[in-house]
Amino acid sequence: MTTGIVLRNLEHLVAATIAAVLPPPPPLDLNQWAIDNIVFGGESPYPGPYNPDNAPWNATIFSALEPTDPCRDVVLKGSAQFGKSVIGQVFCLGTVSTQEGLFLYTHPQDDNAKRWSRTKLRPMLRKSSALTQIFGPVSDQSLLYIERRDGAAQIQVSGARSESSLSMITARRQVQDDLAKWETNEAGDPEEQADSRSASVRNRKTLKASTPLIEPGCRITRAYKAGTREEWAMPCPHCGFRHPLRWENLLENLDEAHPEAAAFSCPDCGGLIEQHHLRGMRSKGRFVAGNPGAPSRSFYLWRALFGVDTFADIARKWLQVKGDPAAEQVFYNDWLGLAYEAAGQAPPAEALRDRAVEGHPRGLIPAGFPLLTIGVDVQGGDAEPRLECQVVAWGPDLRRAIVDYIVIEGHIQDDKPRKALDALLTRIWRNAAGGRVQADAMAVDANAYTEDVMDWVKRHPASKVIGIRGSNQETAPPLAEVKYERDRRGRRKRFGKRFKSVGVIGMKAAFYRLLEKTDPLSRGYVALPSGMEDVFFEGLTAERRVRQAKRGPNGQERWKWEVRPNTRNEPLDTMMYAEAAAVFKGWRQNQRHEEFWDTLCAEREAPVGPPGAQLDLEDLAVPAANAVRGQGSEQDGTPPSKVARHRDLA
C-alpha cells in the first residue's frame, strides 16, 4: 500500500497562518487621511487643516489612487499651482503610513527632488504629530530617503536625469511629478525606466502628474489622452445643464475692451456664467469621462475652477500675452493647463523671399527698431572654417528687423577672423533717420571651440559680448547662466557670467510662428530686408519638428528638430543667438516700458549731420584676403548699388 506524501511551502504556510490570526489592514481612505493628518502653512492660499471643500474634486482622484480602484495608472494634467503636489504628497504619505513597501517619488532633476523634499515633504512631516510618530524626527531622516520607524516602508526621492536611482529597485507605488519636463538620461527614456520599477508588482499604482508643455510630444498630454479624460462638470446656475468650463467658451464671450466682464456661457441655454456663480456650482460638480472604459484614469483641472484667479484675471492675462508665442505658451501651460501647439515648420522660403522684395534695404536699420544685436555661429569642423553673423534690430511689441548677414572666413582661433569680428562689433550702421548706431551686444556660439571663443569674448566688455551655447531641453529659458564648462583635459573651467545657455528649442518654435505674420503692425512682426539671396531664406527656414521613426518601447512618439536635406541652418541659428543678445540687453523685459523705447528712439533716430568716415569691415579685416563677404551699406549709409554675393551656404 502506497502512503501519500503532502509537500507544503514553509514560507507560504507561515504567511497563511499569520494571515488567519491577524486582522487585515483597514481599507485606505486617502481623503479621510488628508483631513486627519494634513496641515498647511501660511504660504498656502488655504492655511490650516486640510479642508476638502476647497478642492472637491480631490476626493475622486484620491479614490482612484486607492487599492480598491482597479486602474493601475492615474494621470493628472492641469495648470501650474493646481494642487498636484498636495495630491502627490497625500498619496505618498497616506500609503507609506498604512502599507508596507518602497514608494518612489521622481522629479525631473535631482535639484527638483532635493528642493521638493526640503520645502514640501519635510515641513509636512514636521507639522503632523501623527506622521512624526510614524517616521520619527525629520532631523533623523535623509533628504532623499525616508523610512518608517519600524522599517516596513520607505520613500525614495529621485531625479529623472539620474538613471542610477531609477534602477535596481522595485516600487509598489510611485509618483512621476512634472512628467512633461522629464528629459532623456544616459540610459534612455526615464519614464520607461520608472514604469519598469513597478511593472512586476501585481497591485501597483502610479500617479503621473504635470503641467503640459509643447505638443506634439508632450508626455502628460499623451498619457491624458490615453486615459479616461475626465473633466469637472458642473450644473448651469440657470438651467442645470451639466458641463465643464472650457477656455474656448470664455474666449468666445470675451470683449477685449472689457476684460473685467469675462464670463462663460451655458452651451445649452446660453445663460452667462459669471464669477459669483462659481462657488455654488463647484461644490455640485463631478468628473465626467470623455473616454470611458480606458485602462487608466486621467483627470484635467485648470485655474478657472480654483477661484484664486478670477475669470477677469484670466482674460487680462490672455490679452497681455496675445501675439507673443513664448508668452502664449506659458499662458497655455501654466494658466490653462493645456499643451501649446508648436509651429512644426516655418513658412515656405519662397514666400519670405517674395515678401522681402518690398522690405527695407539690406544693411539699413528701418525706423522703429532702435536696439541692435549680432548673433555669431562658429563653424570650424569642415573644410571651410568660418564665422556666420546675423545683424538684427529690435523694437517694442516684440518686433524685429533683419539688417544684414555676413560671413567671415577663417577659424575663431586665428588672428585675421578675430580682427574681422572686432571690426563687426564696432562697426557703425545707419538707420532710416540718418542716425549712426553701433551694435549693443553680440552673442557668439561657444558650444564648440569653447576655450577659443571665450578667450575672444573676454577681450571685450562684459556688458556687450557673451558666449553662448544652445540647450537641448524644451523647458530651458531663453537665457540662463552656464555655471561651468570642461576644458580640453576634462577639468571644470569657470567662465563667470560671460557664458550663457540659450533655450533654442522653444525660441525656434516661437520664431516660426512670428514669421507667418504679414501685418507690419502686428505684435512680433519680423521685417525682412530686400537684397538677400535665396540661400539665406532657405537657411532661415531650414528646420522642422518631426516625429522620430523609432518609437519608445511603450509605443510613445518621440519628436525632435531636424534640418531639411541639402540645407544649412546657420541663418536660423544666428537669429536665435541675436535674439539671445537682445534678451541680454533687456529687449523682452522692457517690452511694455514705453519710456524705454521712446528714449532709445529719440537718441538714435534723430537726424544727424554729415557723418565722418564709417568704420567698415573692409578697413580692418584684411581686404586682400577677402575675409568678409556679404557686406551691407556703403560708407554714406545708402544701400549699395550692387549687393555683395552672399556666401553659398549649401
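Is K419 buried, exposed or partly exposed? K419 comes out partly exposed, at a relative accessible area of 40% (buried is under 20%, exposed is over 50%, and partly exposed is in between, with a 1.4 Å probe and protein chains only).

## About the model

This is a predicted model, so a pLDDT of at least 70 is needed for local features and 80 or more for side-chain atom pairs, while totals for chains, interfaces and linings use all residues. Numbering starts from 1 along each chain as its sequence is written, and side-chain values rest on heavy atoms, with hydrogens and water left out.

## Salt bridges

Searching the whole structure turns up 33 salt bridges (a side-chain nitrogen of Lys or Arg within 4 Å of a carboxyl oxygen of Asp or Glu). The general idea is simple: side chains of opposite charge can pair when their charged atoms come close.

Back to K419: its side chain meets that of D415 in a salt bridge, 3.4 Å from N to O. Both residues belong to helix α14 (residues 415-426), and they sit 4 residues apart, about one turn of the helix. Helices here are DSSP runs of H or I with at least four residues, strands are runs of E with at least two, and the numbering goes from the N terminus.

D573 and K508 make another pair, with 3.8 Å from N to O. D573 is in helix α18 (residues 570-584) and K508 is in helix α16 (residues 504-515), so this contact ties together parts that lie 65 residues apart in sequence. Both ends are covered: D573 is buried at 13% relative accessible area, and K508 is buried at 8%.

Then there's R568 with E570, whose closest N and O atoms are 2.8 Å apart. Here R568 is partly exposed at 26%, whereas E570 is buried at 3%. Elsewhere, a network of salt bridges links D189, E191, D195, K208, R219 and R222.

## A positive patch

K114, R115, R118 and K181 form a positive surface patch. For a patch, residues need over 30% relative accessible area and no salt bridge; like charges are joined within 9 Å, and nonpolar side chains (Val, Leu, Ile, Met, Phe, Trp, Tyr) within 5 Å. Lys and Arg count as positive, Asp and Glu as negative, and His and the chain ends are not counted. The charge is placed at NZ of Lys, CZ of Arg, CG of Asp or CD of Glu. Areas come from the Shrake-Rupley method with a 1.4 Å probe, and for residues only the protein chains shown count as cover.

R115 is partly exposed, at 45% relative accessibility.

## Strands and sheets

Strand β18 (residues 371-379) is mostly covered, with 8 of its 9 residues buried. Strands pair if DSSP finds at least two bridges between them. β18 runs antiparallel to β19 (residues 386-394), joined by 9 bridges, and V378 stands opposite L387 in β19. β18 also runs parallel to β23 (residues 441-445) through 4 bridges, where V376 faces V444.

There's also an open sheet of 3 strands, in the order β17-β21-β22 and with mixed pairing. β17 (364-365) and β22 (436-438) are at the edges with a single partner strand each, so one side of each has no neighbour in the sheet. β21 (residues 428-431) pairs with β22 in the antiparallel sense over 3 bridges, and R430 has R436 of β22 as its bridge partner.
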